Amino acid sequence: MTVLVVTSVMRGSPDGASHGAAHLLDLEKDRVAQVLDWKAPGVDWKLSGGGRGLRGIACDGERVFVAGAHALFSFTPEFELLAVYRSPYLSHCHEIASFERRLYLTSTACNSILGFDLDENRFGWGLHIVDGNAGLQGTPFDPQSAMGPSPGEELGLNSLWCDPRGMFISGSRSQGLLYFDARQIVRLVSLPRGVQNARPWRDGVLFNDTDAGVARFMTPNSNRVFQLPSYPAEVLTGAGGEDTAGARQGFARGLCVIDESVFAVGSSPATVTLHNLDTMKTTKSINFGTNPRHSIHSIAVWPYAVPG
């Protein structure tokens, strides 16, 4: 049985109302259970994303880490809050990834990647990325010091993937998949503007082409396109709100590889769809909302028993 953990964002929620959630999705039973409802006060409403929602997900031992926009939350597998961790340079976080006792987080508003030590429970590493006249450059910094990078999100960094080869980073304006090998940063391949969740997979790159409203798998010789679910206008609900300009159905965000052939993609209104790369078939689509403002953010395989 495969269970996914899914986070979401509700755009345009009024202050004090739910602006995000976490869900467990049982793929065998097509059953969704909400395990967190996010109503944190003090959300920044000035931007389309702001402080809304719950973002990246990673599991380590008996801890479930979930990123907020400006903080890292630690939960038990039953979603009891254990701790909250902050850095002055964690701003508009999107995705997170765990590798070799360190949790890495994208800090979109600082053009940076932060490293959180899973044994010491502290932010202890940072990398500020700039794409200037001299090309791509990465500058290390201490994420707890006063000498970190100034605000700026020129690259729109929103996702990363780590494996023994190094770190793979992408953003909505990164113009491609970036590769960091602890010495230098290079652009491995060109990708469209608006990319979310880009990562190497098999012999290519898998990503959400959010501006085009599709998921793609690209190799040097192929470009495979996977369509997202589309719903008739009459079934959509929840128009209105303080900020709905960026809300639309078919917004592609959230991606998780399940096995050697199948991957899951998130889209709005709150839908998780499974595709098979080998057969080029959509194998399952599970919807748990009809409001286009309710957007999937992140997806991961759930390694624990299902609570309750």
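Reader: How many salt bridges does a search of the whole structure find?

Author: The search finds 10 salt bridges. Keep in mind that this is a predicted model.

Reader: What makes Arg-101 and Asp-119 a salt bridge?

Author: Their side chains meet at 2.9 Å, N to O. The cut-off is 4 Å between a side-chain nitrogen of Lys or Arg and a carboxyl oxygen of Asp or Glu. The value of 2.9 Å is within 4 Å, so the pair counts. The two residues sit in distant parts of the chain, 18 residues apart. Arg-101 is in the loop between strand S8 and strand S9. Asp-119 is in the loop between strand S10 and strand S11.

Reader: Which residues are linked with Arg-101 and Asp-119 in a network of salt bridges?

Author: Asp-60 and Arg-63 are linked with them in that network.

Reader: Why is Asp-119 called exposed, and why is Arg-101 called partly exposed?

Author: Asp-119 has a relative accessible area of 54%. Exposed means over 50%, so Asp-119 qualifies. Arg-101 has 37%. That value lies between 20% and 50%, so Arg-101 is partly exposed.

Reader: How do you know that Arg-187 forms a salt bridge with Asp-131?

Author: Their closest N and O atoms are 2.8 Å apart. That is within the 4 Å cut-off, so the pair is a salt bridge. Arg-187 lies in strand S16 and Asp-131 in strand S11, so the bridge ties together parts that are 56 residues apart in sequence. Arg-187 is partly exposed at 30%. Asp-131 is partly exposed at 32%.

Reader: What makes Asp-163 a buried residue?

Author: Its relative accessible area is 12%. Buried means under 20%, so Asp-163 is buried. The side chain of Asp-163 also meets that of Arg-165 in a salt bridge, at 2.5 Å, N to O.

Reader: Why is the aromatic pair of Tyr-85 and Phe-116 called tilted?

Author: Start with the count: the structure holds 15 aromatic pairs. In the pair of Tyr-85 and Phe-116, the ring centres are 4.7 Å apart and the planes make an angle of 55°. Stacked needs under 30 degrees and edge-to-face needs over 60, so 55° leaves tilted. Tyr-85 lies in strand S7 and Phe-116 in strand S10, so the pair ties together parts that are 31 residues apart in sequence. Tyr-85 is buried at 16%. Phe-116 is buried at 0%.

Reader: What makes the pair of Phe-226 and Phe-263 edge-to-face?

Author: The angle between their planes is 90°. That is over 60, so the pair is edge-to-face. Their centres are 5.1 Å apart. Phe-226 lies in strand S20 and Phe-263 in strand S22, so the pair ties together parts that are 37 residues apart in sequence. Phe-226 is buried at 3%. Phe-263 is buried at 0%.

Reader: Which residues form one aromatic cluster?

Author: Trp-38, Phe-73, Phe-75, Phe-79, Trp-302 and Tyr-304 form it.

Reader: Why does His-294 count as buried?

Author: Its relative accessibility is 11%. The limit is under 20%, so His-294 is buried. His-294 lies in strand S25. Leaving aside neighbours within four places in sequence, its contacts include Ser-8, His-23, Pro-269 and Phe-288.

Reader: Why is Ala-58 called buried?

Author: Ala-58 has a relative accessible area of 9%. Ala-58 is in strand S4. Not counting residues up to four places away in sequence, Ala-58 touches Arg-63, Val-64, Phe-65, Ile-96, Ser-98 and Leu-103.

Reader: Why does Val-189 count as partly exposed?

Author: Val-189 has 33% relative accessibility. That falls between 20% and 50%, so Val-189 is partly exposed. Val-189 lies in strand S16. With Val-186 and Leu-188, Val-189 forms a nonpolar patch on the surface. Together they have about 200 Å² of accessible area.

Reader: How do you know that the radius of gyration agrees with a compact globule?

Author: With 308 residues, a compact globule would have a radius near 19 Å. The protein has 18 Å, so the two agree. Buried residues make up 57% of the 308 residues.

Reader: How many helices and strands does the protein have?

Author: The secondary structure comes to 0 helices and 25 strands.

Terms used
Residues numbered from 1 in each chain as written. Predicted model: local features only at pLDDT ≥ 70, side-chain atom pairs only at ≥ 80, totals over all residues. Heavy atoms only, no water. Helix = DSSP H or I, 4+ residues; strand = E, 2+ residues; numbered from the N terminus. Buried < 20%, exposed > 50% of the residue type's maximum accessible area, 1.4 Å probe, protein only. Contact = heavy atoms within 4.5 Å. Patch = residues over 30% accessible without salt bridge, like charges linked within 9 Å, V, L, I, M, F, W, Y side chains within 5 Å. Areas by Shrake-Rupley, 256 points an atom, 1.4 Å probe, with all protein chains shown as cover. Rg over C-alpha atoms; globule rule 2.2 N^0.38 Å. Phe/Tyr/Trp six-rings, centres within 6.5 Å; stacked < 30°, edge-to-face > 60°.
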